[in-house]
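Please look over the structure below before reading my points. They are meant to be read beside it.

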Amino acid sequence: MKNLEETIKLSVYETGTSELNVGKVKITSVIKCLFKIYGVELAVGASIKLVQDLLNFAGPFFLSLIITFINDPTQNVSNGIIYSFLLFFFSTTRSIILQQYFDRMFVIGSNIRTSLVNIIYKKVITFLFFK
């Protein structure tokens, strides 16, 4: 996987020839470069968050089924056990998926932060010593 510095160098200094022509330097956005590098990981994180958000609706649904089961004495006991097991299963799954989402986003955020700090420090050192 390319790091941010290589992507910025490629996108800024691409001129179509082997020489660097200052007149043809293309200035690109840092956001575009970050999206080019981390876009897939961010899309996976967004899909994980979408699944977690959809599982948020399972808890109240099964809770209402359990309340209906408690209020109706004619229902079979196995229905109540199944409802409570499904409530537990979906709540646990939602919690695990949310933890995975936060873990992935924390790692991606740390990588972006490290890349940006690295680029900024290299740029500052270049300006200080090679004026």
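Predicted model: local features only at pLDDT ≥ 70, side-chain atom pairs only at ≥ 80, totals over all residues.

1. The salt-bridge count comes to one. The partners are Lys49 and Asp53, whose closest N and O atoms are 3.6 Å apart. Both residues lie in helix α2 (residues 30–55), four residues apart, so about one helical turn separates them. Lys49 has a relative accessibility of 25% and is partly exposed. Asp53 is partly exposed too, at 32%.

2. Gln52 also belongs to helix α2. Is Gln52 buried or exposed? Gln52 is buried, because its relative accessible area is 3% and the cut-off for buried is under 20%. Beyond its neighbours within four places in sequence, Gln52 touches Arg94, Ile97 and Leu98.

3. There are five aromatic pairs in the structure. One of them is Phe62 with Phe90, which is stacked: the centres are 5.4 Å apart, with 10 degrees between the planes. This pair joins distant parts of the chain, with Phe62 in helix α3 (residues 58–71) and Phe90 in helix α4 (residues 77–129), 28 residues apart. Phe62 is buried, with a relative accessible area of 9%. Phe90 is partly exposed, at 23%.

4. Tyr101 and Phe102 form a tilted pair, because their planes meet at 55 degrees; the ring centres are 5.4 Å apart. Tyr101 is buried, with a relative accessible area of 18%.

5. Which residues form one aromatic cluster? They are Phe61, Phe62, Phe85, Phe89 and Phe90.

Terms used. Residues numbered from 1 in each chain as written. Heavy atoms only, no water. Salt bridge = Lys/Arg side-chain N within 4 Å of Asp/Glu carboxyl O. Helix = DSSP H or I, 4+ residues; strand = E, 2+ residues; numbered from the N terminus. Buried < 20%, exposed > 50% of the residue type's maximum accessible area, 1.4 Å probe, protein only. Contact = heavy atoms within 4.5 Å. Phe/Tyr/Trp six-rings, centres within 6.5 Å; stacked < 30°, edge-to-face > 60°.
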